[in-house]
Amino acid sequence: METTAFPTVRTPSGDLPADAPDWNPQRPSAMPHHRYQPAHTRVALPLTDDRTWPSRRLHQAPLWVPVDLRDGNQALAEPMDTERKRRMFDLMTTMGYKEIEVGYPSASRTDFDFVRHLAYSGAVPDDVTVSVFTAARRDLIDRTVASVEGLDRVVVHLYTATAPTWRDVVLGRSRTELHTLILDAATHLMRRAEERPGADIRFEFSPEVFNLTEPDFVLEVCDSLTELWDASPDRPVIHNLPATVEIATPNVYADQIEYMDRHLARRESVILSVHPHNDRGTGVACAELAVLAGAQRVEGCLFGNGERTGNVDLVTLALNLYAQGVNPMIDFSDIDVVREVVEYCNRLPVHPRHPYVGDLVHTAFSGTHQDAIAKGLARHARTAAELGVPAGRAPWAVPYLPIDPADIGRTYEEVIRINSQSGKGGMAHLLRTHHGLDLPQGMRPDFSRTVQQVTDATGQELTHKELWELFRSTYTAPAQDGPRTLESWATEETDPGEHTFTCTLRADGEARSCVGYGNGPLSALTDALRTAGISVDILDFSEHSTATATTATGTGTGTGTGPGSPAVAYAECRVDGTTRWGAGRDTSVLTASVHAVMAAVNRAGRA
Ligand SMILES: CC(=O)SCCNC(=O)CCNC(=O)[C@H](O)C(C)(C)COP(=O)(O)OP(=O)(O)OC[C@H]1O[C@@H](n2cnc3c(N)ncnc32)[C@H](O)[C@@H]1OP(=O)(O)O
Ligand SMILES: CC(C)C(=O)C(=O)O
Ligand SMILES: [Mg+2]
């Protein structure tokens, strides 16, 4: 039977017609998708068409709370010990995080001990608040409060799952019974905190699996806690609304958050927090839309560690803001150090394609991207010069690079890398930035073909050093190692505009003396070659000092650039009917020029 690839008929709005079969009889699926329900049928959300988040913009960073030491840690095969936790904690305070969830002290001796370590080691800066996490059970709350003895500023974060499936399957309680359990635990916590009058202990509540909980139940529970804990604008309660398991498109979460933002009681006394996970791969989008929808605080992990597919990635979120010109309030100026510490503590690698930090994310291999980036970097350098500001302060508008890699401590060396997908723009950029060569436009496609032959044959990447070596062996070496070499030579300007070129030419094993005349040294050279039966027309010629071929960004690490650097000459010559490029490199411009012509002569001879 014939099957069609896209058989389902949809209405103009994109919806399935009411009578559409739940599977296509012509193309039955091997996978039983009908077992799953869309999220919006599971959570009836009153907010419908007057939502405001879609037209809002992100103007400032939310409060960030890294939960790596608790949520991230509980997802590790080898949870962190005190040494690793401390390293990550110090990293976070250095980066500028002001509230850090440090553990689940009642979960394990290790977690408890780390909180004790923070309490007596003086590791918590004066402007940093630690948060500790506990389930809504009296025994666990007691142990949690015991752990924070000696800490002056603490958030105790209480959680209980509230979604129907969890109520039924895990907790075995009705809505009313669960509400009572939460209020009992919250009261117990409050009493315990009251026993420590000198300490600033605040409260956070998470209705775990908020995103699958009936909104009216969340409101009922959260509002009762706001009242119980007597929240006020100067002592706000944190209501943290997790997408514990991400199950819907980000707009659904945004609607849920906007609904809570509008309906939570004593709103000015509540910090509305979100805690997205990344099961559908849209944790970052959920967090961003949630902030548009009214969230003031975001919990997540560095580089997205965490249960299953991870917590939302706080680094991506912050740098997404940065790329929009918003101060993320966190320091990522040396992102590789951040990654090293996080990889060490988690014992998990960060993917090479991970946003902003991955090894490959500031790199272009492909030709047209390289061409655009090289042009963009050159334009950027000119703009900075025109504005009279350092390149690192000039406005950024380089194609394919959302942010300047240098801002986060990455180098330009990694931006353009050469393989068989690369083109002339990329290799010209590398030769310029690393070796001070400004290849003439006409020569670039010629060298690009040579590069392509090598990369196609090997399937490998070429480093900038290998690129230079290929350039050298292709264009400059033939002047010395070809069949026609100048054993000695001299030029003289006999009268203004009249030059003589005298040389000993070794051609095909025989040495002979030649003399030529012309209006410049090179025309005299070609005349001398003519006397030896070699016809040479110079079609294109240019030269420059490697000091003047400055790097596009002003940050190049090229060898041979700077005062006293060699000159490079490029000559395209028609030699006995065959056209070839040659190049020469020498501290003398004249010598470089003569070598460029002789290299072209020999390359044509080989052809
Ligand atoms: C989404 C999240 O990230 S939630 C945080 C999850 N993190 C962790 O679980 C890591 C640390 N946890 C632990 O080390 C352990 O679970 C402990 C020490 C906290 C508790 O261990 P145990 O006492 O052995 O119990 P266990 O973990 O099996 O907990 C299940 C019991 O707690 C109840 N429970 C689970 N969550 C909660 C909660 N938030 N509030 C109240 N009770 C809860 C369950 O209903 C179950 O009760 P039951 O025994 O009456 O059926
Ligand atoms: C905030 C807590 C309960 C959590 O980690 C989650 O729901 O994912
Ligand atoms: Mg979580």
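This report walks through a predicted model, from its annotated span to its ligand shells and a helix pair.

## Ground rules

Residues are numbered from 1 along each chain as its sequence is written, and chains are lettered from A and ligands numbered from 1 in the order in which they are written. In this predicted model, local features need pLDDT of at least 70 and side-chain atom pairs count only at pLDDT 80 or more, while totals for chains, interfaces and linings use all residues.

## The annotated domain

An unreviewed UniProt entry carries the annotation "domain: Pyruvate carboxyltransferase" for residues 62-336. UniProt positions follow the numbering used here, feature names are shortened, and annotations may be inferred rather than shown by experiment. The span is 43% helix and 19% strand. Its end C-alpha atoms lie 24 Å apart. Helices (H or I, at least four residues) and strands (E, at least two) are DSSP runs, numbered from the N terminus.

## The annotated binding site

The unreviewed UniProt entry also marks a "binding site" at D71, H275, H277 and N311. These residues are spread over 241 residues of sequence, yet they cluster in space, with a largest C-alpha distance of 10.4 Å.

H275 sits in strand 7 (residues 270-276). H275 counts as buried because it has 29 C-beta neighbours inside 10 Å. A residue is buried if 20 or more other C-beta atoms lie within 10 Å of its own, exposed if 12 or fewer, and partly exposed in between; C-beta atoms are placed from the backbone. Not counting residues up to four places away in sequence, H275 touches S206, N240, P242 and E299. Two residues are in contact if their C-beta atoms, placed from the backbone, lie within 7 Å.

N311 is in the loop between strand 8 (297-300) and helix 11 (314-322). N311 is also buried, because 29 C-beta neighbours lie inside 10 Å. Leaving aside neighbours within four places in sequence, its contacts include D71 and H277. G300, C301 and G304 are also among them.

## The two ligand shells

A residue is near a molecule or strand if its C-beta atom, placed from the backbone, lies within 6 Å of it.

Ligand 1 has 16 residues around it. Q74, A107, A135, A136 and T160 come nearest. Strand 4 (153-161) and helix 6 (164-171) each supply at least two residues of the shell. Its residues divide into eight nonpolar, five polar and three charged.

## A helix pair

The axes of helix 9 (residues 250-263) and helix 10 (residues 283-292) come within 8 Å and cross at roughly 30°. Axes are lines fitted to C-alpha atoms, for helices over the stretch in contact, and angles run from 0 to 180 degrees between N-to-C directions. P250, N251, Y253, A254 and I257 in helix 9 meet A285, C286, L289, A290 and L292 in helix 10. The contact residues divide into nine nonpolar, one polar and no charged.

## R86 in helix 3

R86 lies in helix 3 (residues 82-95). R86 counts as partly exposed because it has 19 C-beta neighbours inside 10 Å. R86 touches H117 and A123, not counting residues up to four places away in sequence.

How values were computed:
Ala, Val, Leu, Ile, Met, Phe, Trp, Tyr, Cys and Pro count as nonpolar, Asp, Glu, Lys and Arg as charged, and the others, Gly among them, as polar.
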